[in-house]
Amino acid sequence: LLVQRKNTRNLEVKQEADKIFFLKIESTDSSILIGPHGKNIDTLKIILKLLLWKKLEERIIVHLEIND
């Protein structure tokens, strides 16, 4: 899955294994997405995990990388 946004170059989502998802975001605003001491990326990861839990109706693991 690839998504184009204004300040986001790419959003890639892969299922690495059963109930394990890998999300990679390439953005020109990486400092905003990561935030001070990684607080924003941690919060974003929690939100994504909750959305996927609700959609899939089961607990999953989410790995999130920004510009890595």
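What share of the 68 residues in the protein is buried?

1. Extent of burial. Buried residues account for 21% of the 68 residues in this predicted model. The accessible surface of the protein amounts to about 5,200 Å², and carbon and sulfur atoms contribute 54% of that area.

2. Secondary structure. The protein contains two helices and three strands. Along the sequence these elements follow the order β-β-α-α-β. With regard to contacts between residues at least 6 apart in sequence, 37% link residues that are at least 24 apart.

3. Nonpolar core. The largest nonpolar core has nine residues in all: Phe-21, Leu-23, Ile-25, Ile-41, Leu-48, Ile-60, Val-62, Leu-64 and Ile-66. Strand β2, helix α2 and strand β3 are the elements that each give two or more residues to this core. One of the core members is Ile-41. When its neighbours within four places in sequence are left aside, Ile-41 is in contact with Leu-33, Ile-34, Leu-64 and Ile-66.

4. Helix α2 and its end. Helix α2 comprises 18 residues. The distance from its first C-alpha to its last is 26 Å, close to the 26 Å expected at 1.5 Å a residue. Just after α2, Glu-57 adopts a positive phi of about 60°.

5. Glu-65 and strand β3. Glu-65 is located in strand β3. Residues up to four places away in sequence being excluded, Glu-65 touches Phe-22, Leu-23, Lys-24 and Ile-25. For Glu-65 and Ile-25, which are 40 residues apart along the chain, the C-alpha atoms are separated by 6.2 Å.

6. Ser-27 and Asp-29. Ser-27 belongs to strand β2. With a relative accessible area of 2%, Ser-27 is buried. A polar atom of the Ser-27 side chain lies 2.9 Å from the backbone nitrogen of Asp-29.

7. Side chains of opposite charge can pair when their charged atoms come close. How many salt bridges does a search of the whole structure find? The search finds two. In one of them, Glu-12 pairs with Lys-14, and the closest N and O atoms are 3.1 Å apart. Glu-12 counts as partly exposed, at 26% relative accessibility. Lys-14 is likewise placed in the partly exposed class, with a value of 45%.

8. Salt bridges: the pair Lys-19 and Glu-58. The side chains of Lys-19 and Glu-58 also form a salt bridge, with an N to O distance of 3.8 Å.

Terms used: Residues numbered from 1 in each chain as written. Predicted model: local features only at pLDDT ≥ 70, side-chain atom pairs only at ≥ 80, totals over all residues. Heavy atoms only, no water. Salt bridge = Lys/Arg side-chain N within 4 Å of Asp/Glu carboxyl O. Buried < 20%, exposed > 50% of the residue type's maximum accessible area, 1.4 Å probe, protein only. Helix = DSSP H or I, 4+ residues; strand = E, 2+ residues; numbered from the N terminus. Polar contact = N/O pair within 3.5 Å; in protein donor to acceptor, adjacent residues only side chain to side chain. Contact = heavy atoms within 4.5 Å. Areas by Shrake-Rupley, 256 points an atom, 1.4 Å probe, with all protein chains shown as cover. Core = buried A, V, L, I, M, F, W, Y, C linked by side-chain atoms within 4.5 Å. Expected span 1.5 Å × (residues − 1).
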